[in-house]
Amino acid sequence: MNFSEIFKQSQQLCTFSPNGAYLAVCVSYKVIIRASDTLQILRLYTCMDAVQDIEWSSDSNFLLCPMYKRGIVQVWSVEQPEWTCKIDEGSAGLIQARWSPDGRHILTTASFNLRLTVWSLVNKSISYIRYTKNTKDCLDFSQDGKYLAVGECRKCKDYVSVYMVSSWELLKLFETDTEELSGLKWSPDGRVICVWEHCLWYKLLIYTMDGRCLSSFKPYEWALGVKCVEWSPTSQFLAVGSYDQKVRMLNHISWKSICDFTHTPTIQDNNVVVYRETVTKPELPDVSALMAQPQVFSTQSKYELVNSHPIELPFVQPDPEKPCPKIGVGWMKFSCDNKYLATVDDSMRNVLHIWNVKKMQLFVVLKQASPIKCVRWDPCHPRLALCCGNDKIYLWSPSGSVSAQIPNSSSFLVQSMRWHPEGSSLALISKDEMIVCYLDTT
């Protein structure tokens with residue numbers, strides 16, 4: 001494991017290109033393109049204002065730079081630096097911008113979700129999609145990039161519209177059996193679309209592309225419902241995280257729940273491997289020696305296996321008087337090989353659960369000393385990285401778990417991470433700096 005030098009960045013805008021050749025970093029209104037292996041500067045672009053988001057096109061040739069406050073999007077070309085593009089939403093405002101899968105169209109959302117605009121970089125044509133709901137969760141492309149599903153509200157009723165991406169033609173419009181459509185997701189194989197209700201109702205529906213409802217999943221009523229939804233890479237399972245601290249695994253044949261993963265503050269099963277982070281503070285030298293030669297001290301940490309059961313996990317009881325209770329499964333993600341599912345319950349922010357998908361049971365628990373800030377699976381290998389807002393990075397794989405300290409940088413507090421598409425390196429991001437960690441992939 002090797003670390004690069006520290007570079008400046010702003011708003012945690014740092015991302016690898018899909019082909020893995022470039023690393024884009026934003027510093028206020030400047031966009032820097034570096035070679036991902038040597039970190040040498042290849043391109044430097046100056047935007048009209050501070051950049052608030054960045055996204056690569058699918059072919060890694062273009063970089064999208066939205067400036068939401070000004071309602072402007074600028075697009076830069078890596079291969080042709082002299083080529084420029086500016087999109088101005090004008091008085092309609094701008095709250096979101098993203099690429100289409102072909103990397104030649106840009107989708108922008110106007111303020112208050114008034115409309116969705118499709119801008120073509122090929123022939124400069126413009127298409128409009130109206131009646132859209134929250135485009136952050138109610139807009140999704142199929143994995144093959146051929147279709148776009150959009151959640152809409154027409155005459156106070158929820159609909160899903162399916163568009164052909166090649167021509168942006170409406171193929172199908174069907175009504176959904178929902179009170180307040182909150183989100184939708186295509187299955188990775190493109191066979192079905194999953195839609196779910198607002199958290200006030202627990203209801204999840206499975207539709208085909210032509211609008212046939214295959215299943216309606218409603219495990220309970222009169223309590224907060226769906227919090228997050230995640231497809232497995234093979235489309236065999238649909239994981240539904242909810243406010244009752246459970247993940248329900250739906251199968252792709254009957255669309256019924258085959259297993260419930262319950263997050264409890266006590267681990268009773270002796271077969272569950274529990275890693276506990278232990279922190280040791282360095283001994284402070286004599287005051288006179290410290291005055292003569294100032295030093296920077298940082299804590300040391302390592303993982304220990306916990307063998308004594310039952311094991312108590314840190315749990316924060318939510319306040320029932322406050323809205324948006326910090327409870328329930330707020331994040332989950334499958335590993336690239338579909339063997340593991342990692343989950344984080346919002347009432348146990350210091351704990352990461354890793355479930356064995358084949359055996360449908362809890363496999364590993366990581367008990368951190370500090371609340372978890374970010375968890376990311378390796379895109380090519382069954383291992384994950386997590387950070388806790390300190391100067392350390394934590395790695396887990398089926399062979400074990402390790403805590404690694406960032407050298408000579410006790411003030412570098414990791415807040416987020418980005419994997420290289422090949423899993424060979426990891427960009428570690430603090431509040432206003434970034435560093436690249438190169439890993440051994442053998």
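Modeller: Glu-89 counts as buried, at 5% relative accessibility. Buried here means under 20% relative accessible area, exposed means over 50%, and partly exposed falls in between (1.4 Å probe, protein chains only). This is a predicted model, in which local features need pLDDT of at least 70, side-chain atom pairs count only at pLDDT 80 or more, and totals for chains, interfaces and linings use all residues. Residues are numbered from 1 along each chain as its sequence is written, and side-chain values use heavy atoms, with hydrogens and water left out.

The partner of Glu-89 is Arg-115: the two form a salt bridge, with the closest N and O atoms 3.1 Å apart. Glu-89 sits in the loop between strand S10 (84–88) and strand S11 (96–99), while Arg-115 lies in strand S13 (residues 115–120), so the pair ties together parts that are 26 residues apart in sequence. Strands are DSSP runs of E, at least two residues long, numbered from the N terminus. Arg-115 has 26% relative accessibility and counts as partly exposed.

A salt bridge needs a side-chain nitrogen of Lys or Arg within 4 Å of a carboxyl oxygen of Asp or Glu. By this rule the count comes to 17.

Lys-203 and Asp-177 make another, with the closest N and O atoms 2.8 Å apart. Lys-203 is in the loop between strand S20 (192–197) and strand S21 (204–208), and Asp-177 is in the loop between strand S18 (169–175) and strand S19 (181–186), so this pair ties together parts 26 residues apart in sequence. Asp-177 is partly exposed, at 48%.

Arg-383 and Asp-378 also meet through their side chains in a salt bridge (2.7 Å, N to O). Both Arg-383 and Asp-378 are buried. Elsewhere, salt bridges link Lys-133, Asp-158 and Glu-180 in a network.

Back to the S20–S21 loop, where Leu-200 lies. Leu-200 is exposed, with 52% relative accessible area.

Ser-187 is in the loop between S19 and S20. Ser-187 is buried, with a relative accessible area of 1%. Its side chain makes a polar contact of 2.6 Å with that of Asp-189. A polar contact is a pair of N or O atoms within 3.5 Å; within protein, one must be able to donate a hydrogen and the other to accept it, and residues adjacent in sequence count only if both atoms are side-chain atoms. A polar atom of the Ser-187 side chain also lies 3.2 Å from the backbone nitrogen of Arg-191. Leaving out residues up to four places away in sequence, Ser-187 touches Val-192, Trp-231 and Ser-235. Contact means heavy atoms within 4.5 Å.

Now the nonpolar side. The largest nonpolar core has 24 residues, and Val-247, Met-249, Phe-261, Ile-267, Leu-341 and Val-365 have the most contacts inside it. At least two residues of this core come from each of S24 (237–242), S25 (246–251), S26 (257–262), S31 (329–334), S33 (351–356) and S34 (361–367). S31 gives the most, with three. Core members are buried Ala, Val, Leu, Ile, Met, Phe, Trp, Tyr and Cys residues joined through side-chain atoms within 4.5 Å. Beyond four places in sequence, Met-249 touches residues including Phe-237, Leu-238, Phe-261, Phe-334, Leu-341 and Met-360.

Definitions and conventions. Helices (H or I, at least four residues) and strands (E, at least two) are DSSP runs, numbered from the N terminus.
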